Amino acid sequence: MKISTRGRYALRLMLDIAQQGEGAVVSLTDIARRQDISVKYLEQIVMKLNRAGFLKSTRGVQGGYMLLRKPEEYSVGDILRAIEGNLAPISCLTEESNHCNRCRSCDTLWFWERMDNSINAFVDQYTLADFLNHPEGPPMPEADSRESAPQAVSSP
């Protein structure tokens, strides 16, 4: 799975608006300048975010965009899915039910399903508020023994 430039910029756009404070109306020109992204490109992204119900637009000289909810109510996963669509690592997991003719006999399906679950759990655990409160990232949760990195084995 690869997140597109559009997905990465959508997260930066949403964070930029959140950084301006609750209720702030932010122009695309200001976001474009701060984020070094073209206004035309941001316009494409904003259309999808508007359709997803994440932003409110205001017209006029003092117009721009504002968040409809609090930063802690926007998960990174929701933002990415609004732009990218499903984040599934393989096509047979993009629909609610698997229509692949091999799914009943696929020896690797369990792996792809676990990867899909891990990806979604990871992006859904972080919100815009995490970026505001921890600019370098919140502390990582303690990993269990299955997730810890393998220890180096010395040769005889």
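Here are some questions and answers on aromatic pairs and helix packing in this predicted model.

The model is predicted, so local features need pLDDT of at least 70 and side-chain atom pairs count only at pLDDT 80 or more, while totals for chains, interfaces and linings use all residues. Residues are numbered from 1 along each chain as its sequence is written, and side-chain values use heavy atoms, with hydrogens and water left out.

Q: How many aromatic pairs are there?
A: Rings of Phe, Tyr and Trp (its six-membered ring) pair if their centres lie within 6.5 Å; planes under 30 degrees apart are stacked, over 60 edge-to-face and the rest tilted. By this rule the count is five.

Q: Which kind of pair do Phe111 and Trp112 form?
A: Their ring centres lie 4.9 Å apart. The planes stand at 80 degrees, so the pair is edge-to-face.

Q: Is Tyr126 buried or exposed?
A: Tyr126 pairs edge-to-face with Phe122, at 5.2 Å centre to centre and 65 degrees between the planes. Buried means under 20% relative accessible area, exposed over 50%, and partly exposed in between (1.4 Å probe, protein chains only). Phe122, at 44%, counts as partly exposed. Tyr126 has 12% relative accessibility, so Tyr126 counts as buried.

Q: Which ring has the charged end of Arg69 over it?
A: A charge sits over a ring if NZ of Lys or CZ of Arg is within 6 Å of the ring centre and within 35 degrees of the ring normal. The charged end of Arg69 is 4.4 Å from the centre of the ring in question, that of Tyr74.

Q: At what angle do helices H2 and H3 pack?
A: Helices (H or I, at least four residues) are DSSP runs, numbered from the N terminus. Axes are lines fitted to C-alpha atoms over the stretch in contact, and angles run from 0 to 180 degrees between N-to-C directions. H2 (residues 28–35) and H3 (residues 39–51) have axes 9 Å apart and pack at an angle of about 115 degrees.

Q: How many nonpolar residues are in the contact of H2 with H3?
A: Contact means heavy atoms within 4.5 Å, and the residues are Leu28, Thr29, Ile31 and Ala32 of H2 with Val39, Leu42, Glu43 and Val46 of H3. Ala, Val, Leu, Ile, Met, Phe, Trp, Tyr, Cys and Pro count as nonpolar, Asp, Glu, Lys and Arg as charged, and the others, Gly among them, as polar. One residue is polar and one charged, and the number of nonpolar residues is six.

Definitions and conventions
Helix = DSSP H or I, 4+ residues; strand = E, 2+ residues; numbered from the N terminus.
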